[in-house]
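Colleague: I'd like to learn how to read a two-chain model like this one. Could you take me through it feature by feature?

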Amino acid sequence: MSQANQSSHAIEIEDLTVVLGERTVVCDLDLKVPVGKLCAVVGPNGAGKTTLIKAIVSLIKPVSGQVRILGRPFSVSCREVAYVPQRSGLDWDFPATVADVALMGTHHSLPWWKGLGRGERDRATAALAAVGLEELRDRPISNLSGGQQQRVLLARALAQQAEVFLLDEPFQGVDAASESAIMRTLTSMRDHGKTVMVVHHDLHAVAERFDHAVLMNVRKIADGAVSSVITPENLRRTFGTRVGFDDLGQREA
Amino acid sequence: MPDPAVMTGCILAGVLYGLLGSFCMARNQALLGDVISHAAWPGLVLALGLTGSRHFGVLGVGAALVGFMALISLEYLGKGSTRIKPDTRLALVLSGFFAAGMLFTRQVQTSRPGSMGHLHSFLFGQTAALVWMDTAVMATVLIPTMILVWLRWRDLSALCFDPQWRQTTPHANGATPAILNGLLVIGIVAGLPVAGVVLVSALLVCLPVTARSLTNRFSSGILVAMGLGATLGALSPLVVMLTESIFRHWRGNDDARLPTGPVFVLLGVTCSGLSLGLKNMRQRKIQRMGRNHASC
Ligand SMILES: Nc1ncnc2c1ncn2[C@@H]1O[C@H](COP(=O)(O)OP(=O)(O)OP(=O)(O)O)[C@@H](O)[C@H]1O
Ligand SMILES: [Mg+2]
């Protein structure tokens, strides 16, 4: 049975409850994301989306529940997981070049006693090319715009050659050109059989370009194929009574 | 010539603080060194009060132990609610430990009269009194630090840039940052004879600041900081000797020897100021060129 799980579900979450400080931020959440899906996590501010992603990658310890990735606990499958944190949480004054950050992604598969080789450099270069940053490879990261920063983080994740990608708001403050560049990369990852989970605020984009969606607000409201999840009823239950589909789309646009 | 033990001690201190300081600065913990050195003070005083020994081997152990306690209390304050910001946490621990140190000082002053002079040399440093033993301590901290950085370089650079992401990588364990912090505590205690509680952390800051404005990469920045530390370390006893002979020449044979520790710090801070100034000048020049270019 575990064999079957391993092949069909990239992320399985059971009864996940997370308490931060004194409040329950994620409550009793069950979730199964099949392998090879482009999955959006949608919910209002403070819904616990970031917390959910952090709990998946074991950065936050839940009070109860368990997370399995590709059928195994995160500690076992961490090599298969690429986590892209929210851009704003990082120290962009750190003295490194764009290429250095992309190279960090290759450390995953490299035993710690081995030096970086040709293969790692090629992987980093390919990842930078995929996000359209090969020209900026020697630029210090402190001189990047927000959208470029986001693409560097994506390149680092690509260089990891993971199976499951978890991205926290990769489109925050990103212009239309960068957005479609990032979106193209994500779609092509999906086409290569990777599972991609993205925290996203733009409902129109989710409806158009994603296959799978999770609506949550502390609790899970709905999950499944986008067409069955993004319904006025579900949105009302996620965002409160007065917000309709169009309002949301416009507000984020 | 300056005393070779003093010279070696200063060079080793420069290299060590260039290395450790680069990590402190990259992790936005430039004040961590200050906290540890001030926390080492009650440790020194307690060790002296309890044992009566004046041997740095004994006092240093006390200082290191209390330094570790400061580190643990920082960790503890950081747990749970994140409402206490890192700088507030540092300020809290620094002042708490130093205040305790001042109380102990008064006690020791009465219970062991005559020991204050000795303690003072740790408060402000007494580089001229460095012996080979002190330099040996410095070397025994420097070597494992270099080995750790060499072996865990990728892990450590990830720790500085993106500590949360690092925790999701397969090689991340809690040991590496803990060992680095431990070496920082021991390194600071080892440096107390050179620059003293008050100034030791200045070395931890000014070397990487200079390096940072000269380079764009972490690895080269560390090498520059270490090299600069060695250079200034070698230079400061020479400066002291030179000024001494100048003073002697001018004002007769009075004892006008400058303290080496503050000279070292002053040279370092001057380098930071100059390098930042140079960087600003270069930027302004480029901007001016850009303006001229735009106008034609
Ligand atoms: N350290 C903390 N202590 C207490 N509460 C916290 C802490 N961090 C976050 N929270 C609370 O947890 C809730 C969920 O936060 P989270 O960052 O997961 O939301 P989010 O869905 O990512 O929101 P956003 O869309 O704004 O990014 C919020 O209500 C927030 O106030
Ligand atoms: Mg968030």
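Colleague: Which residue meets A:D100 in a salt bridge?

Modeller: A salt bridge here is a side-chain nitrogen of Lys or Arg within 4 Å of a carboxyl oxygen of Asp or Glu. In this case A:D100 meets B:R217, at 2.6 Å from N to O. Before we go on: this is a predicted model, where local features need pLDDT of at least 70 and side-chain atom pairs count only at pLDDT 80 or more, while totals for chains, interfaces and linings use all residues. Residues are numbered from 1 along each chain as its sequence is written, chains are lettered from A and ligands numbered from 1 in the order in which they are written, and side-chain values use heavy atoms, with hydrogens and water left out.

Colleague: Is A:R156 buried or exposed?

Modeller: Buried means under 20% relative accessible area, exposed means over 50%, and partly exposed is in between (1.4 Å probe, protein chains only). A:R156 has 1%, so it counts as buried, and B:D162 is buried too, at 2%.

Colleague: What about salt bridges inside one chain?

Modeller: Take B:D155 and B:R152, with their closest N and O atoms 3.0 Å apart. B:D155 is buried at 9%, and B:R152 is buried at 10%. In chain A, A:R209 pairs with A:E179 at 3.9 Å between the closest N and O atoms. That pair links distant parts of the chain, with A:R209 in helix α8 (203-209) and A:E179 in helix α7 (176-191), 30 residues apart. A:R209 is partly exposed, at 36% relative accessibility.

Colleague: How much area do chain A and chain B bury between them?

Modeller: Buried area is the accessible area (1.4 Å probe) that two parts lose on being put together, summed over both. Here that's about 2,500 Å², 61% of it on carbon and sulfur atoms. On the chain A side, A:F94, A:P95 and A:W112 lose the most area to chain B, together 27% of what that side buries. Contact means heavy atoms within 4.5 Å, and it takes 32 residues from chain A and 21 from chain B.

Colleague: And the sheet: in which order do the strands of chain A come?

Modeller: Two strands pair if DSSP finds at least two bridges between them. In chain A, 4 strands form an open antiparallel sheet in the order β2-β1-β4-β5. The edge strands, β2 (23-34) and β5 (72-73), each pair on one side only. Inside the sheet, β1 (9-20) and β4 (64-69) pair over 5 bridges, and A:I11 has A:I69 of β4 as its bridge partner.

Colleague: Which helix lies across β1, β2 and β4 of chain A?

Modeller: Helix α2 (49-56) does, running at about 115° to β1. Axes are lines fitted to C-alpha atoms, for helices over the stretch in contact, and angles run from 0 to 180 degrees between N-to-C directions.

Notes. Helices (H or I, at least four residues) and strands (E, at least two) are DSSP runs, numbered from the N terminus.
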